[in-house]
Amino acid sequence: MYLTHLECPRCGREHDADVPQNLCECGSPLLARYDLAAAARVIEPERFGLRAADLWRYRELLPVADPRHVTTLGEGWTPMLRAPAYGADIGVDDLLVKDEGLTPTGSFKARGAAVGVSRARELGIRRIAMPTNGNAGAAWATYATRAGLGATIVMPLSAPTICRRECVAAGADLRLVDGLIGDAGRQVAALVAASEGSVFDAGTLREPYRLEGKKTMGYEIVEQLGWQVPDVIIYPTGGGVGLIGIHKALGELRELGWVEDKLPRLVAVQATGCAPIVRAFAAGDDRAHPWEDAHTVAFGITVPAPLGDELILAALRATAGTAIAVDDTEILTDLRDFAAREGLLLCPEGAACLTAARRLRAGGWIRAGERVVVLNTGAGVKYPETIDVSGVPVLPR
């Protein structure tokens, strides 16, 4: 392992990676840093293909030192699927979908949970707590159980039913709150404060290692394309850890010398009912203001006040990317159209990326011939309400 320390991207202060850490004193999330020069001298990227097809193939660039603490269900190395029919319809002939719905627990959250729980176990943490919109809680509950850790999960009452069932099945201490994820976060903060150190806050970006699991999406995209980068990567953005992680991976790959200087343009996709990043990006702001009365069918991106707003906006601007908001009607239409053309049922957050791709191509931001990667962050079967079957005929016996 080449992990050296944790660094605050806002004030530059370094923190010890060998003890549990939450936010920097200045309030910013912390980022894991590695001795990439030393790693580049030893690691041959071509040899990753000889390793297991999971995210731990990049183990030297992940924060778990002792393999005995690795907690895994085979997560990672999800397929990158071509979408020629839908792509031709919207004018993006080289359209690829990375399908995170095939990870354990049915969403990309399993990546962050696998690495975050493994590192928590290595650092001696015995119980974690976190607010969630659903899928992250299901993933962390599952991996915590596999690692022998306790987990308290707090989610909005309106979160997808399957996610709360996953938490209960995993034996987690599940609590529901009549509100949004921010209300769940306040419940977790109170619980952690009252625990006198016995409960660790594993909320989004409040610990530094969930991000390390998410960054492996960036490593995989590049490896699956033959160590080439696409022109555009489109990502559904709530808390933004996936987008931040992909940007971090791309920077590490460039520093390792495994890709050239040109990076993909990153796109943050939000819903018109909750678009704090889109608003801040359009205004040229470095921080996002909380979104009032947040609501969208893409429940996973209903995050009115993302903690990682600075990092999201910085990633978009560093890659000449953009942020776009799409409405629920478009999301559901594109979800159904894509399934009818390509045979893959996306989650609503993934479908929002299709809507973004269609609109960005129509407006000329995506140019003809560009290679575009869309992230489908979860399995569509976890959201059965997105498909209306009321008109299906019932035949007599």
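Student: Helices are DSSP runs of H or I with at least four residues, strands are runs of E with at least two, and both are numbered from the N terminus. In those terms, where is Trp-227 found?

Tutor: Trp-227 is found in the loop between α7 (210–224) and β10 (232–236). This is a predicted model, in which local features need pLDDT of at least 70 and side-chain atom pairs count only at pLDDT 80 or more, while totals for chains, interfaces and linings use all residues. Residues are numbered from 1 along each chain as its sequence is written, and side-chain values use heavy atoms, with hydrogens and water left out.

Student: What is phi at Trp-227? And is the residue buried or exposed?

Tutor: Its phi is near 60°, a positive value in a residue other than glycine. Trp-227 has a relative accessible area of 17% and is therefore buried, since buried means under 20%, exposed over 50% and partly exposed in between, with a 1.4 Å probe and protein chains only.

Student: Asp-293 also has a positive phi. Where does it lie, and is it buried or exposed?

Tutor: Asp-293 lies in the loop between α9 (276–283) and α10 (309–318), and its phi is about 55°. At 63% relative accessible area, Asp-293 is exposed.

Student: On to α10. Which of its residues are buried, and what do they pack against?

Tutor: Asp-309, Leu-311, Ile-312, Leu-313, Ala-315 and Leu-316 are buried. They pack against β3 (31–34), α8 (241–256), β11 (265–271), α9 and β12 (322–326). Just after α10, Ala-320 takes a positive phi of about 55°.

Student: How many residues of α3 are buried, and what should the helix span?

Tutor: Of its 14 residues, 13 are buried, and α3 is mostly covered. The helix covers residues 109–122 and should span 20 Å at 1.5 Å a residue, which agrees with its end C-alpha atoms being 20 Å apart. The expected span is 1.5 Å times one less than the number of residues. Gly-124 follows α3 with a positive phi, near 90°.

Student: At what angle do α11 and α12 pack?

Tutor: Helix α11 (residues 328–342) and helix α12 (residues 348–362) pack at about 95°, with their axes 8 Å apart. The axes are lines fitted to C-alpha atoms, for helices over the stretch in contact, and angles run from 0 to 180 degrees between N-to-C directions. That makes the two helices roughly perpendicular; angles of 65 to 115 degrees count as such, under 35 as roughly parallel, over 145 as roughly antiparallel and the rest as oblique.

Student: Which residues make that contact?

Tutor: From α11 come Glu-330, Ile-331, Asp-334, Leu-335 and Phe-338, and from α12 Pro-348, Ala-351, Ala-352, Leu-354, Thr-355, Arg-358 and Arg-359. Contact means heavy atoms within 4.5 Å.

Student: New topic: how many disulfides does a search of the whole structure find?

Tutor: It finds zero, a disulfide being a pair of cysteine sulfur atoms within 2.5 Å. For Cys-167 the nearest cysteine sulfur is that of Cys-163, 7.2 Å away. For Cys-353 it is that of Cys-347, at 8.1 Å. Cys-167 is buried at 0% relative accessible area, and Cys-353 counts as buried at 0%.

Student: Finally, where is Met-217, and what is it in contact with?

Tutor: Met-217 is in helix α7 and is buried, with a relative accessible area of 0%. Leaving aside neighbours within four places in sequence, Met-217 is in contact with Lys-98, Glu-100, Phe-108, Arg-111, Tyr-235, Gly-242, Ile-246 and Leu-375.
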